[in-house]
Amino acid sequence: MLLTYKDIATFTAGSHISRIQQSDHGRAYFFYATEHFLADDWQYSENISTKEQIVKTDQAVLLTKAGDVVISLIHGKAVLVSPIYAGRILGNNYVKVDVDATQLSASWFVWHFNESSEGRRQRAQATQGSTVVQRIAVNELKNFVITLPSLAQQHAMGELYLAAREKRYYQERIAQLNEQQILKQLSDMI
């Protein structure tokens, strides 16, 4: 079945960070930052900040929830938000995708957007900007065409994709730790 993304999902742009009005009596929030997005994308980073910016506001802001599909307009990738990053403000470099679970598996959507030839081709066409800073236009994103397999097939493919990403992350991490151990042993020999 051939559909567009807007037929099976709704897209909500993140809160414009500079327009959030701070209030001393408001609720305190952290931001969903690039380092969190990369962690949710199974990209190892030793630079996860321990000092995060907090904003207090009474204003309605878009917050992440565990299992949300989030697209980075800068990275041109989609991830599922992990539970540890739930409740953070989603900034304007991100789009939250609410999928219709009766038609679409969230994990399969992430695979389709990130890896399928159909998704990659359309991402390349929708990317705007210079060679230094490129962004995907949200209106273009909504019109991506999708060939939809059965829901059962989507679940199987999406879960396999996420498991493969996680496995690759741990394999790379083990290789890094092994290399660090060997380098330390070599240094200790002197």
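The chain folds into six helices and eleven strands, assigned as DSSP runs (helices H or I, at least four residues; strands E, at least two) and numbered from the N terminus. The model is predicted: local features need pLDDT of at least 70, side-chain atom pairs count only at pLDDT 80 or more, and totals for chains, interfaces and linings use all residues. Residues are numbered from 1 along each chain as its sequence is written, and side-chain values use heavy atoms, with hydrogens and water left out.

**Overall dimensions and burial**
- Along the principal axes, the C-alpha atoms fill a box of roughly 65 × 50 × 35 Å.
- Of the 190 residues, 37% count as buried (under 20% relative accessible area, 1.4 Å probe, protein chains only).

**Nonpolar cores**
- A nonpolar core is a set of buried Ala, Val, Leu, Ile, Met, Phe, Trp, Tyr and Cys residues joined through side-chain atoms within 4.5 Å.
- The largest such core has 23 residues, of which Tyr5, Phe109, Phe113, Leu141 and Ile146 touch the most other members.
- Helix H3 (106-115) is among the elements that supply at least two residues of this core, and H3 gives the most, with four.
- Beyond four places in sequence, the contacts (heavy atoms within 4.5 Å) of Tyr5 include Phe109, Phe113, Leu141 and Ile146.
- A second, separate core of ten residues includes Leu62, Val79, Tyr85 and Tyr94.

**Gln154**
- Gln154 lies in helix H6 (residues 151-188) and counts as buried because its relative accessibility is 0%.
- Leaving aside neighbours within four places in sequence, Gln154 contacts Gln103, Leu104, Ser105, Trp108, Leu148 and Pro149.

Methods: Buried means under 20% relative accessible area, exposed over 50%, partly exposed in between (1.4 Å probe, protein chains only).
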